[in-house]
Amino acid sequence: LPHIKSTQIICCQKNWDVKLQDHPLRTITKQIPGTKILTKTEAEKSTTVDVGGESARVGVLGASGYTGSEIVRLLATHPNLRVTMMTADRKAGQSLASVFPHLITQDLPDMVTVKDADFSKVDAVFCCLPHGTTQEIIAALPSDLKVVDLSADFRLRNTDTYEGWYNGPHRAPELQKEAVYGLTEIYREEVRAARLVANPGCYPTSVQLPLIPLLQAGLIEKDNIIINANSGVSGAGRSAKEANLYTEIAEGIHAYGITRHRHVPEIEQGLTDAVGSEVTVSFTPNLMPMSRGMMSTMFVVMKAGVSVDDLHQHLVHRYHDEEFVVVLPKGIAPHTHHVRGSNYCLVNVFEDRITGRAIIISVIDNLVKGASGQALQNMNLMMGFPEESGLLQQPLFP
């Protein structure tokens, strides 16, 4: 264990408040100068835990939803961030374990309403509230808090565009000017310097990661981009909806939001930025009978003289040093099974039977890289922690 620096080892099992002098962990502590074991009781009395670096307190607004609970799951292995406040609406006063039993092992505060939340006890906030509800709430937060907003409320720079697609006025237009769009691999330095980050949507993440570098390099045409995307049902959130009942979803697939899905302007905004002129896409999302996962298939026209090998080689070069975007070897199709539960995006490029066209496929877990994982990736940058902290869980398969 030569790489481990002076730290504390915490024994968090419920029944470990016992004499530890004969425990095998004592052998470990002898190899690490300055290290000591804390019992669970001693750890709980400590306001901060020395993990070889700074510790920060975070709040999760909307912890009773899928993205909120996924944030908590990911933070369970984070060495520097700890949850000290969680909010919910209908679930206020309850423990998160009573809402999500799979998180019962985590030592967490009970959920409270937003109005009862004490923001003096946090250094940063993940906002996992529904679209249209976060603008006023974030505007009212202390100005020194770092905020990653997982809703769509700050993703669109043009507030008129927001109003047209989300059927209501933007309630914090001045704050919108401050928001940074958090597609991490593309806007890393902007995110690092930001106070408020608008976390991208799931479809826009899966689409923009492969298309933006190719558009910036002038390898594909900006016109005639066709996107067919498939998502698991968790992308629709946890609220009870007739359309998301088992009998409505199982054993079939269907398209929805045809020509009017709210992620369209977000995709077009990013692609327009990449080429410096307006981009319009054809985008059709489909709901799949699976709990999580997303696959986007993009049909593009290559510039004259450009080959599929050129596209593949450029993406390999662009993402060579990136942890979470992986360009697969030629001929291998990305599978949603191979990113499940992880922050990874797998991408590949294929030659179309139509001359001059290429097919690009990307897969992500819509709740991780498409939401909470990317949010944590952004927060790590904002707080000065290693970008991959809490995010190196390998995909769950089978």
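Student: What should I know about the model before we start?
Tutor: It is a predicted model in which local features need pLDDT of at least 70 and side-chain atom pairs count only at pLDDT 80 or more, while totals for chains, interfaces and linings use all residues. Residues are numbered from 1 along each chain as its sequence is written, and side-chain values use heavy atoms, with hydrogens and water left out.

Student: What makes up the secondary structure of the protein chain?
Tutor: The chain has 13 helices and 16 strands. Helices (H or I, at least four residues) and strands (E, at least two) are DSSP runs, numbered from the N terminus.

Student: Why is Asn380 called buried?
Tutor: Buried means under 20% relative accessible area, exposed over 50%, and partly exposed in between (1.4 Å probe, protein chains only). Asn380 has 0% relative accessibility, so Asn380 counts as buried. Asn380 lies in helix H13 (residues 368–383).

Student: Which residues is Asn380 in contact with, leaving aside neighbours within four places in sequence?
Tutor: Contact means heavy atoms within 4.5 Å. On that basis Asn380 is in contact with His78, Leu81, Phe385, Pro386, Glu387, Glu388, Ser389 and Leu391. Asn380 and His78 are 302 residues apart along the chain, yet their C-alpha atoms are separated by 9.9 Å.

Student: How do you know that Thr184 is buried?
Tutor: The relative accessible area of Thr184 is 0%, so Thr184 is buried. Thr184 sits in the loop between strand E8 (180–181) and helix H8 (188–192). Not counting residues up to four places away in sequence, Thr184 touches Gln374, Gln377, Asn378, Leu381 and Glu387.

Student: And why does Ser231 count as buried?
Tutor: Ser231 comes in at 2% relative accessibility, so Ser231 belongs with the buried residues. Ser231 is part of strand E10 (residues 225–231).

Student: What makes helix H3 largely enclosed by the rest of the structure?
Tutor: In helix H3 (residues 66–75), 7 of the 10 residues are buried, so H3 is largely enclosed. Those buried residues are Gly68, Ser69, Glu70, Ile71, Val72, Leu74 and Leu75. They pack against strand E3 (56–61), strand E4 (81–87), helix H4 (96–99), strand E6 (124–127) and H13.

Student: Why is H9 called roughly perpendicular to H12?
Tutor: The axes of helix H9 (residues 202–216) and helix H12 (residues 308–318) come within 10 Å and cross at roughly 105°. That angle makes H9 roughly perpendicular to H12. Axes are lines fitted to C-alpha atoms, for helices over the stretch in contact, and angles run from 0 to 180 degrees between N-to-C directions. Angles under 35 degrees count as roughly parallel, over 145 as roughly antiparallel, 65 to 115 as roughly perpendicular and the rest as oblique.

Student: Which residues of H9 and H12 meet?
Tutor: Pro210, Pro213 and Leu214 in H9 meet Leu311, His314, Leu315 and Arg318 in H12.

Student: What makes a group of residues a nonpolar core?
Tutor: A nonpolar core is a set of buried Ala, Val, Leu, Ile, Met, Phe, Trp, Tyr and Cys residues joined through side-chain atoms within 4.5 Å. The largest nonpolar core here has 46 residues, of which Leu211, Leu271 and Leu311 touch the most other members. H9 gives the most to this core, with 8 residues. A second, separate core of 41 residues includes Leu74, Val99, Val180 and Met379.
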